[in-house]
Structure formats: structure tokens, C-alpha cells
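Please walk me through this structure.

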Amino acid sequence: MTRAALTLMAVLAVAACDKGRRFDNNVNLGAGANGAVVPGSANDPASPLYFQQSVGDRVLFAVDQHTLSDSARAVLNAQAQWLMTNADYTAVIEGHADEQGTREYNLALGGRRANAVREYLITQGVSAARLKTVSYGKERPIEICSVESCYEKNRRAVTVLAAGAIS
Amino acid sequence: MHTGHIISGAGHLALFAWAFIGSFSLPPDDAIQVTDVALVSPEEFAALTPPVDQAPGADTAVAELPAPEAADTPPEATPQTDSTPEQAPPETAAAPAPEAAPEKPDLTTPQADVSDTTSTITAPSEDVAVVVPETPDEAPRDIPRVAPRPVVRPDRDVAVGESPQAPTAPSDTAEEVQPAEEEKAPEEATTRIVTEADDKGQGLPKSSKRPPASRPVKTAAVEPDPKPANTPEPKPAPAQTETATPRPEQKEAINDALSRALAGAADAAPDTPPAGPSGPPLTSGEKEALRVAVSACWNTGSLSTDALRTTVVVTVEMSQDGKPLAETIRMLTSSGGTGTAARQAFEAARRAIIRCGAQGFGLPVDKYDHWREIEMTFNPEKMRIK
Amino acid sequence: MTHLTRLIAVLATAMAFAVPATAQDGPLRIEITEGVIEPLPFAIPNFVPESGGAGELAANITRVLSEDLTGTGLFREIPQSAHIGSVTSFSSPVQYADWKAINAQALITGGVTVQGDRVTVKFRLYDVFSGQEMGDGLQFSGTTAGWRRMAHKVADTVYSRITGEGPYFDSRVVYVSETGPKDDRRKRLAIMDYDGANTQYLTDSSSIVLAPRFSPTGDRVLYTSYETGFPKIYVLDVASVGRRTLTTPEGTMSFAPRFAPNGQTVVYSLSQGGNTDIYAMDINSGQSVQLTTAPSIETAPSFSPDGSQIVFESDRSGSQQLYVMPAGGGEPRRISFGQGRYGTPVWSPRGDLIAFTKQSKGRFHIGVMRTDGSEERLLTASFLDEGPTWSPNGRVIMFTRETQGEQGSASLYSVDISGRNLKKVRTEGAASDPSWSPLQN
């Protein structure tokens, strides 16, 4: 009885999603009895952590530029894939700039970069309604040395996932 | 008769010949020291120009200032009512007292101090004490004082006595204990304002290793200082009359006048013997000395940017001892600025004339007619963005 | 007779060759084109306390007054230890000789009276070399709590009388106070007297705040905040510290807001779809109009003091440059042409100059240029200088300077328009994005 109920719940849960493979046969009771994937962890291809670490949540830009390089596009292709697989996430794309510029211009530049990513993801099939953009200009560097090796890491657009399907 | 004619004619011809040719070969008696520039030692040079050094007002050592004479009997007139917001009355009370004083303290300020220092461009030197002298080869340094000639505090090269001819500005060594050498050295200055944006190390030619002593020294060589004190008095006239054919007295007198006039024309180096109060016009060296003297006290630092765009023409009458008569200073014209700006510019000019003229500008008395009235144009265009 | 005639002839001929030693024609004319630039020395004996217990206040007021003047770089105080004479009573006449002797060119004397919580400050200014008073003595009164403002007012009067410039000491600066390392910066709005005193905080540091700007009367501040997660513009009332957002379309970012001289219109940047343009909004009705329509980045607008024009930065030419357009929008005219990139233009309150940030060869500079772009002059150079703001009299510029590296932090600096007197502004901790208020009433 219990097992049937559980299975029913699992089926129902799965039924709500398109291609949800979020829940395994083991419905999150007991840790990975199958030993393979822990849901929600980086192992779980459907988790944000996986998106961050394996798919790659960011792309980098050249100085003053907002054009996407080939490697950037490769990462964004994967992002697009993931987003279409995991349709109950929305995303905010954050654009950033390095500190070699004035404050307002860098805000605008970050906006350009975020928008470049957004438009590309849309061309890859992601629904526009799921994607928002914001710019932090040079306000949120992740590397703080004042040389190019740090600067290049700061010139980025980061796709930040937010749970919540579009109804 | 004929003999007389012949002798007279010969004498005159000889005179003529002497006028045309002789002047080039006859060394003037009044010892114009035409020496090599390099050979004028600092002491000699200093000896040549003491009056100049003492020219503009040197308000120095407080300690030695005798009690102000006239100023210590102020009419203790009505302390004005303090209740009114606008306090105009104090002017009347304060004004009468110092009236008598203005010139005197200037005179009594210790000239002794000034003569010790052969010549100093002294000015607020407080800040100099703080500035570490850098190598003179660098681009203009960021020090508070900006003056037309760059001056590096001579920490190693320059001998103490060797300093520019430019007259002193009022110094205030009184304010603090200063190391002795600072009093003797020229005030440190650069030729222009150093902003941070200036690319240092681009080898700007503005700072020099030593004060540009060459200019004044040349002046000494080419146009020897015609100061009355130094100007050798002996006129060539007596010499001339000796060589001239003896004549009846009136002719001698005429000869005297003639020779004097000729002497005036003859001198290549214009150390002219004083021919009278209105002698020859000022030489360019003398004019330059006057210009430099006034420039040293013309402080444009505290002028508004509007006043820095205003050119003013100021007239001043001079007393015979080379001092400006303060009450005669007035503005003739102004251009480039409005009323306030023009007034500011005029005030700065007026201050310059009074401050540096307090000890007299050292102009030659024998040419008094030429500088009894002076018209100075103060054009701050170069001072604007320095 | 012939003899004499011949003599005279020779004499006359000789005279022709002589240097004419006749009287001069007209006065001697010389032109002074170079002078010196040095701080004007002044003396200020302690203001005389004229009521019981006013001694300390009098001494403090004297000190603030002196710091205002010397802080301009145009004045130099002759220390009190060097004074010969002294002023023990405000009404006694001045012994000019005493002050001439120490080479003071200006003398300031004053008196301070305290009655309850009111303080009255009076002063006189003397031109020592002329031996007379410069202008009339004046008197200010106010609350004891505002004693610094009175010192500033006296200093303003002295400064204006001597230099001819407009006053600026009685003013405030709003800025962003920063704490923390570069990768975890906390920012909050702060306001202080121009000299760093009386700091107050206007927001907390829970969200990023940027680039505040005073209103033309100094009563309100516009700024950008991320408190909604997106940069939006807010207006804050300085007295009440109350604030509200200026509504902009959903999904857009707005930033760089500045007041027009009428205090009603706000011009700002709106970024949507990756494109940033300049808009103007009526602060009461909320109605907005787009002023620029270009696919390039247009931002950092600033009004001319007469409200007729706007200067802004745009990269439509391929790099950041400065442009001027009519206040209602219209064809912009480029005014920057040097080597490098130009941004953050700010129109001087005197209307004659535009200050800006310039990047060139890896360095940042604060500079000024005429409103047509001519006579560009750079005033500073460093790793990162940006965001100039003008003093109320258009004579001094304050800006942000950030140092490089992991330990880098930001401070406020000020510089005279001539490029002299560059110095750090005293703030509580790190600071950025200053905006200078107009002169307080």
C-alpha cells in the first residue's frame, strides 16, 4: 500500500513535468540508495549547481566588448539546452565590467553584455519571458587584483537561475 | 689772422676727427669694467649692485623691529557701538592712527638683515622648509611658489652669495626660526604650476641648475650698472678740454658742452656720466630691472579667474629716491574684465608696486626725468594657466 | 663772427650726433607679464570672546575660519606665535605696523558672543599694506550648534573680498560611504560639510547605492539604488531622509539621475534591451520623454546652469566622447577630440567650463574644457580618478580616487581649477561619488 502510494506520487510528480527526470525511482527518501545521483547536488544534471559547475553559468568578454566569442557561444548553447530541459527555472543574466572605466558607462556596458547573452539564448530557443537582465557595472568584481588576469574574469555575464516556472 | 684761422680750423678738425674716429680708440677714463662674464666673482658682482639688493621692501626679522613710532598714539576715539551689524565706524577710529606710520616702519625695518644676504628673493619661505629639494633636472616640481625664473634651493652647487640680481621681496623670516642658509639662498620657485597631470620626467627645460646669473652678469658686463653710487663721476670733459686747443673762456665753455655732448654720443658702453637730472633714457637693462622688481611682488595667486583675464594699466609717480608715491597709484584703463575683476587686478598691481617699491626701485637718479612718472601694464595672460 | 659761426656750426653738427639728452616724452612705459603665484599671507588672532564661556567657541571658530582659507591653497596663515601685536578687544584700533612687520597682508579680527543657545560672530577685515579696513565689518548670528556654519560664512566673506571669487565654504557634500574589500563592498549614502565635519548617514548598506546628486536648492538628493534587485532611481529628501522611487518601465534599468536647474525635471539614463539612452522626467507627474535615440550608449547627462543645454557621454563614434545637445533633445554636437576616452561630464555652475573624466594610456585624469571643447586641461593623473563635481563657485573640483590592487579603496579628493592644491578630503572611511551642494542659504 505504502509503496503504491509512493509510486503514485512519484508518477504524479513526474507527470507534471515535461521531461523531468528530477526525481529518480527513489523518491528522495534515503540518500541515493542507487548510489548514482543525489538530487539537488552537483551530480544532479537537473540542479542549479550542475548548471553552475558543469554547464557553465558565465561567459567572458574582451575589453569594452559585448560580442560573444566562439567559446562563449558553446557555453551558451549548453545553457540553452539545460534551460529548455529544465523549464521551471527562470534566469536573471547579470552583466559585469572590470574597473577600467567610469561608473555609468560600465553600468551600460554590463547591460549590453547581459543583453547579448539573453538574445543569443533566445535564438537558441529559450523563451524570452524566462530571461531578465541586470547590470552591476564594476560594482561586483570577483577578482580584485588590478591586472589583466583579474580583469578578464570580471568582464562577464553570469546566468543566475531562479526557481519558479512560468505559468 | 691766418694763423689763428689755421689753428682754429685744425683744432676743430681735430675735434671732429676725434668725434668720428677717436671715440673708438680712446678708452674712456671712467673705468667701465668690461670683464669676462665668467670672471666676475660673486663678491665683485655683489659689490656692483648693492642698491638693487636693497630695493624692494624687506620686512624681516621681527625681533629687530624698533617700536613703531607714530603708530603708538592712536586716538582712543569712541569705541563704536557694537550692536549694529554693519560696523563702519571703526574705520575712522583706526584710520588716523596709522596714517603717519605707513612709510616709517618700512624704512626702519632692519635693512641690516637685507645687506647680510647679498640678495634674496625672499617671500614666504615657510613652505620651502618642508619641501625636499629634488634634483634640478626634473620637470617643474610641485612647490607652492611660482615665479618667472625657476629657482632651485642651492643645496649643493650654488655658492651662497651667487644669486640673481632680482630685488628682494618682503621676507618673513621673522615667523619662525630658519636655518641660516635659507635666508641667504634664493627662494625656491618653479616657473609654472605643476599639476599632477603634467608628465614628469619629460625633460621640461624650465628648471635650471642655478639661478640664471648669466643674465644679470651680462648686464653688468655689457651695461654696467649705472647706479649713482658706482657711476664714476669724472667726466671726459676735463680730459677733453685738456686736449682741446686752449681757447678763450666762452669757447672753453662751449667746448665743455660740446665734449660732453660728444661724450654722450661716443660711449659704446653707456655708462654715461650724469649729464643732468634728465639724462639719457633708461637703458633696457634698467627697464628690465624695474620690470623684474615689480614682477617679483606681483602675486596673482589669490586673484579670481575673472581677474586673471583682466589687463590693467596703472600709473604711478615716483619720488626721486626711486620709491613709488603710494597715493598717486591709479588705474588708467582695464580690459577683459568687469568692475570687480578689474578692481581685484588693480589691487594686486598696486600691492606689487608698493611692496617691492618700499625700499626704492634703484632707478638712476640722474635719469629721474625719465622715470618720474611710470605707466605699467599688468597683463596676466601668461599667469593664467601656469 | 665767422669764427663763432663756425664753432656753432660744429657744435650743432656734433650735437646731431650726440645722444639726445632732452626731456622724455610721456611717462616711462613698461609691461609686466609675469608675476609670482604664492599664497597670500594673513594673520588671524583668536577671536575675542565677549561673553563668559565663549572662549573655547571663539578659538574654534578662529581655527575653522583659518582652515577654510588655507585650505584653498591661496592663503597662508602666519602663525599666532609670530604675532607681535595682539587683539584683545574687537573695537580697539589696529596697529598696522605690527602686522606689516610680520608681513601679513590681510588681518582678520573678530568677536564672539554667546547667549543661551545663540551665538553671534562679528569680524573685520583689514588690508594691512593700505592701512585700512577692507569692506565693512559684519556680524552673523545663529545657534551654537551651527557654529561651524558661521565660521564658514565669515571665511566666505573674507575669501570673496580678497580674491573676488564667489563663496563656497558654507556648503555640503553628499557621497557614497564605502566599507569592505573590493569584492564585498558595502555602500551607503552619507552627507557632510564640505570640509568633512558633521557626517550623517542617509541610507543603510543593505543594497548598493550609487552616484547621488543634489537638487539645485540642496534640499533633495537623487541617486541610484539596487534595493529592488535592479538599478532604479530614487529621490531622497535630505531633511526628512524620506525617499521614493521614480517609476520606470518594468525590466529596464535606470541610473545616473541629475536635476535640471528648475528642480523639477530629472534627466537620467534608461537601459533596456542592451541599449542605453537619455530620458527626461517630470518629477511630479512622472511623465518622461526620450531625448536620445541611438543604438550606442548615451549616459551621464548634465545640465548647463541656465538649463538650456545638456552635456553627456556617448560612444556612438566608437569610443566614449562628450556631446552637447539642446535640453529638449536634438542633434548633439561632439566637443571632445583628444586622444582617449571621455566621460562623466559636469557643467560648471559658472557656465564656463565642463569637467570630465578622461582615460588615456591606461591612466585616468580629471580635466576641464571650455563648453565648446577648446582649451582642454588635465588637472590630475592616477590609476583611477573619476566623477568630478563642482564647488558652488566653480573654482574647486572634488572627485573620487581609487587606488589599485587588492587593498585598493576609494577616497575623495579636491583640486583647484588651476590644477594646484590637490588634496584628500577628510571623510569617515572610504568614500566615492561626491556631489557638492549649492551654497547654503
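Start with strand 21 (residues 309-314) of chain C: 6 of its 6 residues are buried, so strand 21 is largely enclosed by the rest of the structure. Buried means that 20 or more other C-beta atoms, placed from the backbone, lie within 10 Å of the residue's own; 12 or fewer means exposed, and in between is partly exposed. Strands (E, at least two residues) and helices (H or I, at least four) are DSSP runs, numbered from the N terminus.

This is a predicted model: local features need pLDDT of at least 70, side-chain atom pairs count only at pLDDT 80 or more, and totals for chains, interfaces and linings use all residues. Residues are numbered from 1 along each chain as its sequence is written, while chains are lettered from A and ligands numbered from 1 in the order in which they are written.

In a regular strand the side chains alternate between the two faces of the sheet. Both faces of strand 21 of chain C are covered. C:Gln309, C:Val311 and C:Glu313 are buried on one side, and C:Ile310, C:Phe312 and C:Ser314 on the other.

Now look at the neighbours. Four strands of chain C form an open, antiparallel sheet in the order 20-21-22-23. Two strands pair if DSSP finds at least two bridges between them. Strands 20 and 21 of chain C share 4 bridges, and C:Ser302 stands opposite C:Val311. Strands 21 and 22 of chain C are joined by 6 bridges; here C:Glu313 has C:Leu322 as its partner. Strands 22 and 23 of chain C have 2 bridges.

**Two helices**

Helix 2 (residues 55-71) and helix 4 (residues 147-163) of chain C pack at about 45°, with axes 8 Å apart. Axes are lines fitted to C-alpha atoms, for helices over the stretch in contact, and angles run from 0 to 180 degrees between N-to-C directions. The two helices of chain C are therefore oblique to each other. Under 35 degrees counts as roughly parallel, over 145 as roughly antiparallel, 65 to 115 as roughly perpendicular and the rest as oblique.

**Meeting chain A**

34 residues of chain C are in contact with 20 residues of chain A. Contact means C-beta atoms, placed from the backbone, within 7 Å. Strand 16 of chain C gives the largest share of chain C's side, 3 residues.

Technical notes: Contact = placed C-beta atoms within 7 Å.
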